[in-house]
Amino acid sequence: MQLYSELFSKTRKEAPKDEVSRNAQLLIRAGFINKEMAGVYSYLPLGLRVLRKIENIIREEMNALGGQEILMTTLQDSSVWKKSGRWSESVVDNWFKTKLVNNGEELGIANTHEEPLTQLLTNHVRSHNDLPLYIYQIQTKFRNELRAKSGLMRGREFLMKDLYSFSENEEDFREFYEKCAESYLSIFKRVGLGEVVFRTFASGGSFSKFSDEFQALSDAGEDIIYVDDTKRIAVNKEVYTPEVLSSLSLSKESLQEKKAIEVGNIFPLGTRYAEVIGLSYLDDAGKRQHPYMGSYGIGLGRLMGAVVEILSDDKGIVWPEEIAPYEYHLIVLGEGEVEKRAMRIADELEKKGASVLIDERNVSGGVKFSDADLIGIPHQLIVGEKTLEKEGFVECKERKSNKISMVEVNTLYE
């Protein structure tokens with residue numbers, strides 16, 4: 001359990017004046033994050049608990065797909081990027097770069113890892129028996145964003161899950177690609193966005209006709225998509241043409257224009273990186289081939305910010321059960337026997353594996369209720385004189401519905 005009086009971060013009435021995004025305003029006011037500069041945020045204890053829960057959900061889903069987790073370096077050797085042609089700022093315009101003091105050699109600060117991982121696998125892949133491989137990491141990335149104004153949803157430093165698949169051929173790749181798409185939908189459902197996230201057809205760039213984005217409907221979104229509610233799919237405005245709609249069996253009439261936040265993407269890469277970097281394997285006929293690749297990304301902070309944008313109300317944040325920093329926010333309205341009763345309830349909840357934030361501060365009930373709504377923990381338990389009058393019961397407020405009822409304490413322990 002965590003006593004609110006001992007919590008490192010506290011709520012505040014105002015967010016920084018230069019913070020325009022709702023997600024960052026609420027997260028800063030509620031004590032989840034601290035703004036260091038535009039596009040750069042520190043995670044405080046409450047925020048880190050949410051971030052780690054999102055991380056664990058993603059890790060569980062990636063492991064279930066057969067993914068193997070690694071952790072690659074942030075500093076990047078320029079030579080591997082020059083092989084693919086992506087070292088130049090004229091090609092990738094959001095690089096952060098630095099130089100070694102001893103010899104002036106220029107290094108990159110990682111914004112993605114297609115090239116370095118492909119290079120790494122040249123030491124580990126020899127034959128078709130070594131494939132498929134699904135390698136992922138959850139690691140900090142750096143991008144020199146021109147417009148870092150959307151809080152956690154567009155950062156210059158951010159935590160990202162990037163998975164890369166290496167398959168023998170396009171057929172095997174497509175099979176995994178579809179499994180990963182389903183896994184992504186599961187992730188978004190678990191973090192509370194299942195009803196508003198649509199698999200969205202977008203440009204595949206130079207690699208394929210299409211890639212897939214996962215777009216969450218929100219007025220705070222930067223993208224315009226056209227949604228088919230019945231089929232639960234959408235088309236990004238950038239590829240919205242009659243030809244595309246026909247190829248997807250969608251009808252100009254069934255689609256609604258919406259603003260949305262991109263919360264994930266999956267991308268066919270083909271054999272381009274394998275070819276230029278020299279990753280190959282011997283197939284079962286002894287012929288040398290290049291693996292067929294795909295990349296699959298989710299920004300964890302971006303996802304956290306999207307949850308806040310979409311699920312908050314006029315009182316504050318409304319966290320879904322699975323990623324809330326604590327399961328219960330226990331509000332103590334009194335001292336003596338009231339506080340003793342509250343601590344007993346908290347102890348029993350902890351014994352049953354539940355996590356509890358206890359607000360036992362010497363401040364008014366109004367301040368405590370306001371802070372609890374701002375922080376947004378799903379279940380608020382209120383222990384006061386009314387609780388003492390009714391043995392075995394406690395007042396419970398559901399943050400999502402704001403419904404208040406008296407519940408049997410024992411039912412909380414089941």
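This is a predicted model: local features need pLDDT of at least 70, side-chain atom pairs count only at pLDDT 80 or more; totals for chains, interfaces and linings use all residues.
**Exercise 1. How many residues does helix α2 have, and how does its reach compare with the expected span?**

Step 1. Helix α2 covers residues 45-64, which gives 20 residues.
Step 2. From its first C-alpha to its last, α2 reaches 29 Å.
Step 3. At 1.5 Å a residue, 28 Å is expected, and the reach is close to that.

**Exercise 2. Which residues of α2 are buried?**

Step 1. Buried means under 20% relative accessible area.
Step 2. In α2, this holds for L46, G47, V50, L51, I54, E55, I57, I58, R59, E61 and M62.
Step 3. An α-helix has 3.6 residues a turn, so residues three or four places apart point the same way.
Step 4. Look just past the helix: G66 has a positive phi of about 95°.

**Exercise 3. Find where the cis peptide bond that ends at P132 lies.**

Step 1. The bond runs from L131 to P132, with omega near 5°.
Step 2. P132 sits in the loop between α4 (114-121) and β8 (133-142).
Step 3. For context, most peptide bonds are trans.

**Exercise 4. S249 has a positive phi; is S249 buried or exposed?**

Step 1. S249 is not a glycine, and its phi is near 55°.
Step 2. Its loop joins α6 (242-247) and β14 (256-270).
Step 3. S249 counts as exposed because its relative accessibility is 55%, and the cut-off is over 50%.

Methods:
Residues are numbered from 1 along each chain as its sequence is written. Side-chain values use heavy atoms; hydrogens and water are left out. Helices (H or I, at least four residues) and strands (E, at least two) are DSSP runs, numbered from the N terminus. The expected span of a helix is 1.5 Å times one less than its number of residues. Buried means under 20% relative accessible area, exposed over 50%, partly exposed in between (1.4 Å probe, protein chains only).
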